[in-house]
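Have the sequence and the 3D view ready as you read.

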Amino acid sequence: MPERTPGCKPARTPRPGRPAVIDRGSIVAAAMELDQDTLTMQAVARRLGVATSALYRWVGGREELLDLVSAELSRRIVPRREPTESDWRDWLAELAHAIRREFRAVPGFAARALTGGHRAAGHDAIERGVVAAFMLGGLPSERAHQRWYVFATAVLGWLAAEEAGQFPARPPMDFDALVEVLLAGVRTEDG
């Protein structure tokens, strides 16, 4: 049975004949090396050294390919452990650094994610984890969800500006300072 990525159509089965020189994983890996703003099926095919038509046996088109890239990034980012009451701040800091590390490796993805494009199933797991972490820090559910929006917007906004070279500050801006601000001031009372 063809491989299935959450939130995406099932993988297409290649036609009988010569053995495939590409697969869905190699297509996604090649796409992640290219700028997401200008990503085309033709560019991915060139990178892999195959005809564009060969990609369509595995991926339905550009939008599906962007969804697959998003799902792969989410898989890499979601921490393997749940936050706890004693380490929720550390868990969130690790998550922020994982987002930065993985998104920096995929040109143009931070800005794309910031504007809401390609919300893969894995993003829901990240959101649930962040909300759970803030709740472990003492925030009620509604406030924890609001903190999620602030956390995601701040981290993705930082990454988009960083990628665009928009940080002329002296001394240079420090990502750890952003994370410290995001995790400071969690109050147990609502308000």
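Below is a short tour, starting with the overall fold and ending with the salt bridges.

## The big picture

What you're looking at is a predicted model. Its secondary structure comes to 9 helices and 0 strands.

How much of the protein is buried? Of its 191 residues, 43% are buried. The protein exposes about 10,600 Å², and carbon and sulfur atoms supply 53% of that area. Now think about contacts between residues at least 6 apart in sequence: 69% of them join residues at least 24 apart.

## Charges that pair up

Side chains of opposite charge can pair when their charged atoms come close. In this protein, the count comes to 11 salt bridges. Let's go through a few of them.

One is between Glu33 and Arg47, with the closest N and O atoms 2.5 Å apart. Glu33 sits in the loop between helix H1 (24-32) and helix H2 (41-48), while Arg47 is in helix H2, so this pair links distant parts of the chain, 14 residues apart. How accessible are the two partners? Glu33 has 48% relative accessibility, so it counts as partly exposed. Arg47, at 43%, counts as partly exposed too.

Next up are Glu72 and Arg76, whose side chains meet in a salt bridge at 2.9 Å, N to O. Both lie in helix H4 (residues 62-77), and they're 4 residues apart, which is about one turn of the helix.

Is Glu72 buried or exposed? With 18% relative accessibility, Glu72 counts as buried, because the cut-off for buried is under 20%. Arg76, on the other hand, has 38% relative accessibility and counts as partly exposed.

## A pair between two helices

Which parts of the chain does the salt bridge between Glu162 and Arg104 tie together? The closest N and O atoms of this pair are 3.6 Å apart. Glu162 belongs to helix H8 (residues 141-163) and Arg104 to helix H5 (residues 88-104), so the pair ties together parts that are 58 residues apart in sequence.

As for accessibility, Glu162 is partly exposed, with a relative accessible area of 21%. Arg104 is exposed, at 51%, because exposed means over 50%.

Finally, there's a network: salt bridges that share partners join Glu72, Arg75, Arg76, Arg101 and Glu102 into one group.

Terms used:
Residues numbered from 1 in each chain as written. Predicted model: local features only at pLDDT ≥ 70, side-chain atom pairs only at ≥ 80, totals over all residues. Heavy atoms only, no water. Buried < 20%, exposed > 50% of the residue type's maximum accessible area, 1.4 Å probe, protein only. Contact = heavy atoms within 4.5 Å. Areas by Shrake-Rupley, 256 points an atom, 1.4 Å probe, with all protein chains shown as cover. Salt bridge = Lys/Arg side-chain N within 4 Å of Asp/Glu carboxyl O.
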